[in-house]
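I opened this notebook page to keep track of what I looked up in the structure, going from the whole chain to single side-chain pairs.

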Amino acid sequence: MTRLREEIDNLRNGKTIGRLRSDTDAALLEKHNEVTRLREANSRLRSDTDGALLEKEGEVTRLREETDRLRNDNAALTGGMAQASEKDNEMTRLRKEIGRVRN
């Protein structure tokens with residue numbers, strides 16, 4: 001009943017069914033264009049996000065490799081320090097022995 005009343009009011013206001021359909025089609029086209037724009041924007045955002053993620057993953061990989069390299073360098077230095085300490089102890093022992101032999 002309400003729809004019929006709206007149609008009668010529209011006819012009184014000079015709007016024909018054809019005009020109403022045209023208005024509806026125009027509104028639908030506008031919404032369709034808006035949805036298309038939003039999809040395109042969403043696609044661009046996804047692409048930008050994917051690019052940023054790839055960049056960050058590359059940075060993380062580089063940092064992991066650098067961390068591994070630094071750990072290896074640290075282990076080598078620690079080993080070198082241990083060897084140097086052993087050599088220092090050996091030299092100290094030899095100096096003491098030389099001192100005893102001289103006396």
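**Entry 1, overall form.** I note at the outset that the model is predicted. I looked up the secondary structure and found two helices and zero strands in the chain. I then turned to the radius of gyration, which is 42 Å and thus well over the 13 Å that the globule rule gives for 103 residues, so the chain is more spread out than a compact globule. The spans of the C-alpha trace along its principal axes, which I checked next, are about 130 × 25 × 15 Å.

I asked what share of the 103 residues counts as buried, and the value returned was 0%. The accessible surface comes to about 9,700 Å², and 52% of that area belongs to carbon and sulfur atoms.

I located Gly-18 in helix α2, which covers residues 17–102. Its relative accessibility is 43%, so I recorded Gly-18 as partly exposed, since that class lies between the cut-offs of 20% and 50%. I also looked up the separation of the C-alpha atoms of Gly-18 and Asn-103, which are 85 residues apart along the chain, and found 125 Å.

Side chains of opposite charge can pair when their charged atoms come close. How many salt bridges does a search of the whole structure find? The search gives six, and I followed up some of them, as set out here.

- Lys-31 and Glu-34 meet through their side chains at 3.7 Å, N to O; both lie in helix α2, three residues or about one turn apart, and Glu-34 is partly exposed at 33% relative accessibility.
- Glu-59 and Lys-56 form a salt bridge, also listed at 3.7 Å from N to O; because they are three residues apart in helix α2, about one helical turn separates them, and Glu-59 is partly exposed with a relative accessible area of 34%.
- Glu-97 and Arg-93 have their closest N and O atoms 3.3 Å apart in a salt bridge; being four residues apart in helix α2, they are separated by about one helical turn. I recorded Glu-97 as partly exposed at 37%, and Arg-93 as partly exposed at 44%.

Key. Residues are numbered from 1 along each chain as its sequence is written. This is a predicted model: local features need pLDDT of at least 70, side-chain atom pairs count only at pLDDT 80 or more; totals for chains, interfaces and linings use all residues. Side-chain values use heavy atoms; hydrogens and water are left out. The radius of gyration is taken over C-alpha atoms; the globule rule is 2.2 Å times the number of residues to the power 0.38. Buried means under 20% relative accessible area, exposed over 50%, partly exposed in between (1.4 Å probe, protein chains only). Accessible areas come from the Shrake-Rupley method with a 1.4 Å probe; for residues, only the protein chains shown count as cover. A salt bridge is a side-chain nitrogen of Lys or Arg within 4 Å of a carboxyl oxygen of Asp or Glu.
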